[in-house]
Amino acid sequence: MDEVLRVIAAVCDRAAAGDLEARIPPLGESAVAAECRKAINTMLDMSDAFVREAGAASAAAAEGRFHRRILTRGLRGAYRDAAEQISASIEEMSRGADRLAAADAARIALADELEHAVLRVSEQVATAATEMGASANGLADFARAAVAEAEHGLETVTSLRTAADQILSAVDLINQVAKQTRLLALNATIEAARAGKAGLGFSVVAGEVKSLADKTSGSSGEIMGHVNKVQEVAADAIAVLEKVTDSIREMSGLTSGIAVAVDGGHGTDGLSQLAEVLRAEVSRFVNQARN
C-alpha cells in the first residue's frame, strides 16, 4: 500500500511541476486501485488537454489568427467554463483587431486625403504667388517709371515757370526802355518845336519814335498778360504734378512691399517658400501618421 501511495505522490509531484505527461501505471488487480488510477489519469488528461488548447489558442491570437478556438469537447465544469471564457476573450480581441484595422485604414485614407489636399493647395498657392509676383514686379516697375516721368514733367513745368519769370523780367526791361524812349521823344518834339522850320523833320522822327515806343509798351502789356496766364497754369500744373508724384511714389512703395511679400526678401520668406514649407511639414506629419 505504501508503494502505491509513493507512485501516486510521484506522479502528482510531476504534474505539479508542469509535467502533464506523467500517468499512473497499473496499481494492482483490485477494482479500487483500477478506479483510482483511472480517476487520476483522467484528471491529468483533462488538465493536459485544457493547457494545450489554451496555449495553442493564445499563441494563435497573439499572431492575429483569431479563428483558432479552444475545443471544448470532453471538457467539463470549470475547464469548460474557462475554455468558453478564453474563447469569448479571443472573440473580443478579434473584434478589437478589426476595429483597429479599420481605424488604421481610415487614418491612412485621411492622411492621403490631407496630403493630396495640401499638395493641391500648395501648388495653387505657388502658382498664384508666381503670377502675383510677376504682376507686382511689373506694377512696381511701371510705378517707378511713372514717378520718373512725373518728376520729369514737374521739372519741365518748373522750367517753364522759370522761363516765364525771365520773360517777365525782359518785358519789364522793355517797358522801362519804352518809357524812357517816350520821354526822349517828348523832349525831342519840344526841341523841334523851338527850332521852328529847321526842326520840322526832326519833329516827325520824334513822333515816329514815340509811336513805336507806345506800340512796344502795348505789346509788352499783352505779353505780360499771356505770361501771367502761363505762370498761373504752370503753378496749377506744378501743384497737380506734385500730388500725382506723391501718390505714385506711395503706390510704388505699396507695390514694392507686395512684391517683397510675394517673392520674399529682407530676411522673410515669400508665398512660394511658405507653400513649400507647408508642403514639407504636412508630408512629414502624414508620414508620421501613416507609420
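Because the model is predicted, local features are reported where pLDDT is at least 70 and side-chain atom pairs count only at pLDDT 80 or more, whereas totals for chains, interfaces and linings use all residues. Residues are numbered from 1 along each chain as its sequence is written, and side-chain values use heavy atoms, with hydrogens and water left out.

The structure holds 8 salt bridges, a salt bridge being a side-chain nitrogen of Lys or Arg within 4 Å of a carboxyl oxygen of Asp or Glu. One of these joins the side chains of Arg14 and Asp19, with a distance of 2.7 Å from N to O. Arg14 is partly exposed at 41% relative accessibility, and Asp19 counts as partly exposed at 27%, where buried means under 20% relative accessible area, exposed means over 50%, and partly exposed lies in between (1.4 Å probe, protein chains only).

A further salt bridge is formed by the side chains of Asp45 and Arg23, at 2.6 Å from N to O. Asp45 belongs to helix α2 (residues 31-62), while Arg23 is found in the loop between α1 (2-16) and α2, so the pair ties together parts that are 22 residues apart in sequence; helices (H or I, at least four residues) and strands (E, at least two) are taken as DSSP runs and numbered from the N terminus. Asp45 is partly exposed, with a relative accessibility of 40%, and Arg23 is likewise partly exposed, with a value of 27%.

Within helix α2, Arg52 and Asp48 are 4 residues apart, a separation of about one helical turn, and a salt bridge links them, their closest N and O atoms lying 2.9 Å apart. Asp48 counts as buried, its relative accessibility being 12%.

With regard to the cysteines, the structure holds 0 disulfides, a disulfide being a pair of cysteine sulfur atoms within 2.5 Å. For Cys12, the closest cysteine sulfur is that of Cys36, and the distance of 8.7 Å is too far for a bond. Cys36 is accordingly in no disulfide, and the cysteine sulfur nearest to its own is that of Cys12. Cys12 is partly exposed at 35% relative accessibility, and Cys36 is also partly exposed, with a relative accessible area of 30%.
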